Amino acid sequence: MLFLWLYMFYSCAGSCAGLATRGSPAPPRAAPPLPQLLPPGEAGEESSLEEQRAAPDAASPISSFFNGSGSKRLPQAIIIGVKKGGTRALLEFLRVHPDVRAVGAEPHFFDRNYERGLAWYRDLMPRTLEGQITMEKTPSYFVTKEAPARISSMSRGTKLIVVVRDPVTRAISDYTQTLSKKPDIPTFESLTFKNRTTGLIDTSWSAIQIGIYAKHLENWLLYFPIGQILFVSGERLISDPAGELGRVQDFLGLKRIITDKHFYFNKTKGFPCLKKAEGSSKPHCLGKTKGRTHPDIDQEVVQRLRDFYRPFNMKFYQMTGQDFGWD
């Protein structure tokens with residue numbers, strides 16, 4: 001009888017305790033261990049302690065596959081310029097690649113939003129799985145004096161892409177875009193010169209200043225080796241998109257998946273379009289803001305600009321080891 005009583009007592013101990021405490025607050029649980037800090041090099045270089053604390057836990061490839069989440073990472077590659085060079089086209093073409101995830105809008109982090117911090121910047125990024133590359137593009141970075149140091153501070157291993165175009169054509173395209181928004185602006189010819197009689201070019205006008213590529217590149221080479229910057233020809237991006245995309249895929253360490261079969265030439269717009277865009281089975285061309293018809297510019301002014309840019313172009317060819325054939 002004693003044994004039976006002892007058996008009943010010990011059997012009831014766990015469940016009876018639960019019944020006795022039902023309706024009462026549960027005792028506090030031990031605090032879980034702090035999550036391990038992110039390993040250095042998530043964005044290609046050592047990250048700061050503040051970044052690591054702010055970063056979300058990295059999901060494993062298997063869990064990421066099943067829950068479709070992945071991890072938000074700082075970009076390993078950035079299209080840094082140039083405005084009206086073909087950066088939007090390049091980004092749209094690259095997003096066809098299954099191993100590229102990119103922000104659609106321009107974050108403008110390293111020129112306008114730097115004070116918001118890297119945690120804010122990281123949160124803008126799309127989620128990626130193991131082996132995928134995170135990218136963004138903001139063309140104004142190339143001409144922003146502080147951008148090279150800031151990107152280097154984030155990661156000295158960041159790969160940089162610059163889409164360049166004949167600086168004279170680029171300036172006219174830049175003006176055309178502004179003209180579409182502000183029809184009452186002065187003529188291109190009047191904005192080009194400080195004094196048209198003397199032929200002195202106004203280099204303070206952004207449309208002119210952006211095209212002095214060699215000057216801006218010097219600033220980037222203070223922080224990044226030339227081999228870490230890929231220069232894409234805006235002209236060849238139109239005439240041979242698959243060829244230029246091949247170079248870009250090689251530079252990023254990606255398998256050459258984007259080929260001729262992905263493009264068709266739109267005669268109306270005058271540039272190549274995608275047969276199938278990212279996440280769609282339909283053909284896709286860039287919007288009406290791309291491929292605008294340029295206004296007629298006085299050919300004397302065009303020639304003056306060509307003469308102005310020539311020495312800068314020659315220096316740029318020497319610095320990059322590429323002849324872009326703008327003269």
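Let me begin with a question: which helices and strands do the buried residues of helix 12 pack against? Before I answer, please keep in mind that this is a predicted model. The answer is that the buried residues of helix 12 pack against helix 4, strand 6 (159–164), strand 9 (229–233), helix 11 (234–239), strand 10 (263–266) and strand 11 (271–274). Eight of the eleven residues of helix 12 are buried, so this helix is largely enclosed by the rest of the structure. Those buried residues are Pro-241, Ala-242, Glu-244, Leu-245, Gly-246, Val-248, Gln-249 and Phe-251. Just after helix 12 comes Gly-253, which takes a positive phi of about 75°.

Now let me turn to one of those partners, helix 4. Two packed helices are described by the angle between their axes and the distance between the axes. Here, the axes of helix 4 (residues 87–94) and helix 12 (residues 241–251) come within 11 Å and cross at roughly 75°. Because angles of 65 to 115 degrees count as roughly perpendicular, helix 4 is described as roughly perpendicular to helix 12. On the side of helix 4 the contact is made by Leu-90, Phe-93 and Leu-94, and on the side of helix 12 by Pro-241, Leu-245 and Val-248. Sorted by class, that contact has six nonpolar residues, with no polar and no charged ones.

Is helix 4 itself enclosed or open to the outside? Eight of its eight residues are buried, so helix 4 is largely enclosed by the rest of the structure. The buried residues of helix 4 include Arg-88 and Glu-92, along with Leu-90, Phe-93 and Leu-94.

UniProt, in an unreviewed entry, lists Lys-84 under "active site". In the model, Lys-84 has a relative accessible area of 16%, and because buried means under 20%, Lys-84 counts as buried. Its backbone deserves a look as well, since most residues other than glycine have a negative phi, and most peptide bonds are trans. Lys-84, although not a glycine, has a positive phi of about 60°. Val-82 has its place in that loop too, and the peptide bond from Gly-81 to Val-82 is cis, with omega near -5°.

Elsewhere, His-108 is another residue that is not a glycine and yet has a positive phi, of about 50°. His-108 lies in the loop between strand 3 (100–102) and helix 5 (118–124), and at 11% relative accessibility it counts as buried.

Let me finish with the chain as a whole, which has 13 helices and eleven strands. Buried residues make up 44% of its 327 residues, and among contacts with a separation of 6 or more, 69% come from residues 24 or more positions apart. How confident is the predictor, and where is the pLDDT below 50? The mean pLDDT of the chain is 82, and 74% of the residues reach 70 or more. Over residues 1–67, however, the pLDDT is below 50, and beyond near neighbours in sequence this stretch has 49 contacts in the model.

Methods:
Residues numbered from 1 in each chain as written. Predicted model: local features only at pLDDT ≥ 70, side-chain atom pairs only at ≥ 80, totals over all residues. Heavy atoms only, no water. Axes fitted to C-alpha atoms, helices over the stretch in contact; angles between N-to-C directions. Helix = DSSP H or I, 4+ residues; strand = E, 2+ residues; numbered from the N terminus. Parallel < 35°, antiparallel > 145°, perpendicular 65-115°, else oblique. Contact = heavy atoms within 4.5 Å. Nonpolar A, V, L, I, M, F, W, Y, C, P; charged D, E, K, R; others polar. Buried < 20%, exposed > 50% of the residue type's maximum accessible area, 1.4 Å probe, protein only. UniProt positions renumbered as here; feature names shortened; annotations may be inferred. pLDDT = per-residue confidence, 0-100.
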